[in-house]
Amino acid sequence: MNTKNKGFNTKLVHAGAFDDPFGSAVTPIYQTSTFAFKNAQHGADCFAGKSDGYIYTRIGNPTINAFETAMAELENGFGGIATSSGMAAVSSVYFALLGTGKHIICSSSVYGPSRGILERDFSRFGVEMTFVNTSKISEIQKAIKENTEVLYIETPTNPTMQLTDLVAASELAHKHGIKVVVDNTFSSPYLQKPLDLGCDVVLHSVTKYINGHADIVGGVIIAKEEEMYKKIRASMIYLGGNMDPHQAFLTHRGLKTLSIRMEKAQENAMKVAEYLEKHPKVEWILYPGLKSHPQHELAKKQMSGFSSMISFGLKGGLAAGRILMDNVHLALLAVSLGGVETLIQHPASMTHAGMSKEARKAADITDGLVRLSVGIETVEDIIHDLDQALAKV
Ligand SMILES: *Cc1c(COP(=O)(O)O)cnc(C)c1O
């Protein structure tokens, strides 16, 4: 079915599906590494790009392609590139767009390894980098150099929940010939469409909201223009970080319920955030849906909902946070996010432990920060769980 002009939910359910010879209602798992050519000429045509036949699963596969097509339609991009993990998506984009003597400007508090691979690995190949609080457009402006190639943004950021104005950031970057890449993992295309706001590339850890069931690790990249799409796909194929057909099947299945999962999770998150904000033991809380969030207005303008990630700190800092984490029963003490189950974790000792203490301080990741990914359970149960654990603090 052609879903190009259909609504978002129709695209979620049907985009990417192709006519299966047996009429299979869902895209089958083409669990194969390679594809037989009809004859020598067909093989030559596939390699020359004159036929769109499949060659080898690292290069392309029908099950993976169905998911990529769906994601490209949902993000309004030219094409999608599915990867083995979110980090394979991040590193493939860096690999495709950076090189010796090139400079990247990156949000200071991004997903830990997205920063770590620049500092530890890309620096060894002569890539220059500046980490700034991209929520302040003036800071991006100050960081721009002659050789700046990429502006890499996470919004909202992990775990400090800072938003970057994507329209303003893209306008500024494009004036200087800089490409804008956005990690849209925290919002999903259901709530935010960076390519529509002027950005060039969007990527996801589909491990999170896109798949939504905490049973696979995966990633996807979507480019707005054909040229960029081809460039990144070529790098991904050589790096070898392709998604696997079975992973693509599960992720595509999870994707179909994105809207209803996201609606429920963010409805729950709003109630949990309101509960925490009033709790006497909570020192501060950041949730884009609360009026108290410093960028609540930007969130309303740029996103169509506030997602289900909450960061907060307790009076008594890390010690108090530890007691909370050791006493929750419903929420799992686990990293990752965006699944149907509620998760709680401590970035300074877990996801962002790889950053230096100074870098964490500069990025506002305090030792007392606790991160909550609100799931789709009965919200009274989530609040009751937090309530009984907070009583022990
Ligand atoms: C989890 C995550 C990643 C990395 O994804 P993996 O699937 O774990 O490799 C990148 N960016 C953000 C915002 C994430 O939450």
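The notes below cover the ligand, the salt bridges and a surface patch.

This is a predicted model, where local features need pLDDT of at least 70, side-chain atom pairs count only at pLDDT 80 or more, and totals for chains, interfaces and linings use all residues. Residues are numbered from 1 along each chain as its sequence is written, and side-chain values use heavy atoms, with hydrogens and water left out.

**Around the ligand**

- The ligand has 13 residues around it, and Met87, Asp183, Ser205, Thr207 and Lys208 come nearest (a residue is near if one of its heavy atoms lies within 4 Å).
- Sorted by class, that shell holds four nonpolar, six polar and three charged residues; here Ala, Val, Leu, Ile, Met, Phe, Trp, Tyr, Cys and Pro count as nonpolar, Asp, Glu, Lys and Arg as charged, and the others, Gly among them, as polar.
- Backbone polar atoms sit 2.9 Å from a ligand oxygen at Gly86 and 2.8 Å from a ligand oxygen at Met87.
- Lys208 brings a side-chain N or O atom to 2.8 Å from an oxygen atom of the ligand.
- On its own the ligand has 380 Å² of accessible area, and the protein covers 93% of that (areas come from the Shrake-Rupley method with a 1.4 Å probe; for residues, only the protein chains shown count as cover).

**Salt bridges**

- There are 12 salt bridges in the structure, each one a side-chain nitrogen of Lys or Arg within 4 Å of a carboxyl oxygen of Asp or Glu.
- Asp165 pairs with Lys301, with the closest N and O atoms 3.7 Å apart. Asp165 is in the loop between β4 (148-154) and α7 (166-175) and Lys301 is in helix α12 (residues 296-302), so this pair ties together parts 136 residues apart in sequence. Helices (H or I, at least four residues) and strands (E, at least two) are DSSP runs, numbered from the N terminus.
- Asp165 counts as buried at 18% relative accessibility, while Lys301 counts as exposed at 62% (buried is under 20% relative accessible area, exposed over 50%, partly exposed in between, with a 1.4 Å probe and protein chains only).
- Glu267 and Lys271 also form a salt bridge (3.7 Å, N to O), and both lie in helix α11 (residues 258-278), four residues apart, about one turn of the helix.

**On the surface**

- Leu333, Val335 and Met350 make a nonpolar surface patch of about 240 Å².
- Val335 sits in the loop between β10 (332-333) and β11 (343-345), and is partly exposed at 42% relative accessible area.
- Patches are made of residues with over 30% relative accessible area and no salt bridge: like charges are joined within 9 Å, and nonpolar side chains (Val, Leu, Ile, Met, Phe, Trp, Tyr) within 5 Å.

How values were computed. A polar contact is a pair of N or O atoms within 3.5 Å; within protein, one must be able to donate a hydrogen and the other to accept it, and residues adjacent in sequence count only if both atoms are side-chain atoms.
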